[in-house]
Amino acid sequence: MLNNKLSGYLGFATKAGRLQTGYNTCLSLIEKRRVRLLIVAEDSSMNTVKKMSQKCRTNGTDVRIFGTKKELSGITGRGESSVFAITDSNFAGVIRQEIDRIQSEREVF
């Protein structure tokens with residue numbers, strides 16, 4: 001479940017043009033080393049998670065498996081996608097911190 005803070009950060013990144021979506025678009029951006037953080041929806045296919053994780057590992061890109069396609073697509077205003085690339089290091093930093101904080105709270109409960 002996404003909180004208001006994370007929703008706000010993702011919305012700002014979208015409006016600033018620093019968030020890209022789509023499998024092929026994100027693969028291309030990762031290969032060009034333009035992605036600072038990749039978010040893959042939890043309900044993505046195992047093949048998508050595996051392929052994106054491997055590509056990120058190879059290119060030194062941070063990746064987080066988080067949220068659902070519906071939640072993430074609703075915030076960004078894009079069609080239902082399962083892969084989201086943050087291309088700005090400042091947005092990536094705050095979004096990464098918020099995702100990590102939410103995931104650590106989930107583990108506690």
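Reader: Hi! Quick one to start: is cysteine 26 buried or exposed?

Author: Hello! Cysteine 26 is buried, with a relative accessible area of 0%. Keep in mind that this is a predicted model.

Reader: Thanks. And what about cysteine 56, buried or exposed?

Author: Cysteine 56 counts as buried, at 0% relative accessibility.

Reader: How many disulfides does the structure hold?

Author: The structure holds 0 disulfides.

Reader: Got it. Switching to helix H4: which of its residues are buried?

Author: H4 runs over residues 69-76, and its buried residues are Leu72, Ser73 and Thr76. Looking down the axis of H4, you would find them within an arc of 95°, so they line one face of the helix.

Reader: Why would residues a few places apart point the same way?

Author: An α-helix has 3.6 residues a turn, so residues three or four places apart point the same way.

Reader: Nice. Which exposed residues sit on the face of H4 turned away from the buried side?

Author: That face carries Lys70 and Gly74, which are exposed.

Reader: What follows H4?

Author: Glycine 77 follows H4, and its phi is positive, near 75°.

Reader: Which residues in the largest nonpolar core touch the most other members?

Author: That core has 17 residues, and the ones touching the most other members are Leu6, Leu10, Ile39, Phe66, Leu72, Ile86 and Ile95. The elements giving two or more residues to the core are H1, E2, E4 and helix H5 (89-108). H5 provides the largest share, 5 residues. Apart from this core lies another one, of 12 residues, including Leu27, Ile30, Val35 and Cys56.

Reader: Let's talk charges. How many salt bridges are there in the whole structure?

Author: A search of the whole structure finds 6 salt bridges.

Reader: What does glutamate 31 pair with?

Author: Glutamate 31 forms a salt bridge with lysine 55, and their closest N and O atoms are 3.0 Å apart. Glutamate 31 is in helix H2 (residues 23-31) and lysine 55 is in helix H3, so the pair ties together parts that are 24 residues apart in sequence.

Reader: How accessible are those two?

Author: Glutamate 31 counts as partly exposed at 48% relative accessibility, and lysine 55 counts as partly exposed at 22%.

Reader: I'm also curious about asparagine 59. Where is it found?

Author: Asparagine 59 is found in helix H3, which covers residues 46-59. Its relative accessibility is 14%, and it counts as buried.

Reader: What does the side chain of asparagine 59 reach?

Author: The side chain of asparagine 59 reaches the backbone oxygen of lysine 55, at 2.9 Å. Not counting residues up to four places away in sequence, asparagine 59 touches Ile30, Glu31 and Arg33.

Reader: Last one: which residues are linked with Arg101 in a network of salt bridges?

Author: Glu98 and Glu105 are linked with Arg101 in that network. The side chains of glutamate 105 and arginine 101 meet at 2.5 Å, N to O. Those two are 4 residues apart in helix H5, which means a separation of about one helical turn.

Conventions: Residues numbered from 1 in each chain as written. Predicted model: local features only at pLDDT ≥ 70, side-chain atom pairs only at ≥ 80, totals over all residues. Heavy atoms only, no water. Buried < 20%, exposed > 50% of the residue type's maximum accessible area, 1.4 Å probe, protein only. Arc of directions from axis to C-beta. Core = buried A, V, L, I, M, F, W, Y, C linked by side-chain atoms within 4.5 Å. Disulfide = S-S within 2.5 Å. Polar contact = N/O pair within 3.5 Å; in protein donor to acceptor, adjacent residues only side chain to side chain. Contact = heavy atoms within 4.5 Å. Salt bridge = Lys/Arg side-chain N within 4 Å of Asp/Glu carboxyl O.
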